Amino acid sequence: MIEKVNCAKKAIEFIEDGMVIGLGSGTTVRVFVEMLAEKVREGLDVAVIPSSIDSHMLAAERGLTVMSLLECPEPDLCVDGADQVDSEFNLIKGGGGALTREKIVASASKKFYVIVDESKMVERLNMPVPVEILEFAYGFVNRKIGEMGYALKLREGKGKLRPVISDNGNLIADVDAGVIENPEDLERELKIPGIVENGIFLAEMVNGVIVGKKDGAEVLKR
Ligand SMILES: O=C[C@H](O)[C@H](O)[C@H](O)COP(=O)(O)O
């Protein structure tokens, strides 16, 4: 937990008065939102664009000014967590079921900073890749993923009930592709009709990774 606090605290240092901030989702972002809300109570003037219902609710509960991409199609900075970050800054996201809106908000923003604790840093991405799938397309997507030699597993929710449904009303599943040697190729391969989005966020999107450690945070930039 202290690692999450340390990376969130460091990310706050990049926030300037008047900014519109894209907000990702997850437990690390929640810590960041709490700190941002404290800064706003002290007089900081910012607005946020949340990328999930959870982040939206938390931001609203804490009194942050919430906007959407309609009012601000180019946020100044997006701050989001990740499930894994490789040595080149490619990411896997969506472990909590949020990925499509996150990719949109991160892509829309002028800058994208990732906040993670050091356990998320890996040499190569190696966990199953979350994907959001239209229910109508599931059978087809399942077949295509099988033909590619990968396994698709529908995400189980609380009490192992299937399926987990995304904020957009779609299925969440995970593609087990083993160790990912080439994230660019896999990201492209997963653009199958019916897959709304996949959880590989390529390094070209990322401006900085803020790694939380026990005794502080390190800012890694490209
Ligand atoms: O689906 C969830 C999002 O992609 C999160 O950003 C990611 O799972 C990291 O979440 P956490 O900060 O809770 O580890």
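Mentor: Start with strands β1 and β2. β1 and β2 (residues 47-50) run parallel and share four bridges. Strands here are DSSP E runs of at least two residues, helices are H or I runs of at least four, and both are numbered from the N terminus. Two strands pair if DSSP finds at least two bridges between them.

Trainee: What is the bridge partner of L23 in β2?
Mentor: P50.

Trainee: Before we go on, what kind of model is this?
Mentor: A predicted one: local features need pLDDT of at least 70, side-chain atom pairs count only at pLDDT 80 or more, and totals for chains, interfaces and linings use all residues. Residues are numbered from 1 along each chain as its sequence is written.

Trainee: OK. What order do the strands of the open sheet take?
Mentor: β3-β2-β1-β4-β7-β13-β14, seven strands with mixed pairing. β3 (65-66) and β14 (216-221) are at the edges, each with a single partner strand, so one side of each has no neighbour in the sheet.

Trainee: Which strands does helix α3 touch?
Mentor: α3 (residues 53-61) packs on the sheet and touches β1, β2 and β3. Its direction makes about 155 degrees with that of β2. Axes are lines fitted to C-alpha atoms, for helices over the stretch in contact, and angles run from 0 to 180 degrees between N-to-C directions. Contact means C-beta atoms, placed from the backbone, within 7 Å.

Trainee: And β4, what does it pair with?
Mentor: β1 (residues 20-23) runs parallel to β4, with three bridges. G22 stands opposite C78 there. β7 (residues 111-117) is also parallel to β4, over four bridges. In that pair, D80 faces V114.

Trainee: Are the residues on the two faces of β4 buried or exposed?
Mentor: Buried: L77 and V79 on one side, C78 and D80 on the other. Buried means 20 or more other C-beta atoms within 10 Å of a residue's own; exposed means 12 or fewer, partly exposed lies in between, and C-beta atoms are placed from the backbone.

Trainee: New topic. Where are the domains?
Mentor: Domain 1 is 2-121 + 202-215, and domain 2 is 129-197. The bounds come from an automatic or database domain assignment. Their centres, over C-alpha atoms, are 24 Å apart.

Trainee: How many residues of each are in contact?
Mentor: 13 of domain 1 with 14 of domain 2. On the domain 1 side, helix α4 (residues 100-108) gives the largest share, three residues.

Conventions:
Two residues are in contact if their C-beta atoms, placed from the backbone, lie within 7 Å.
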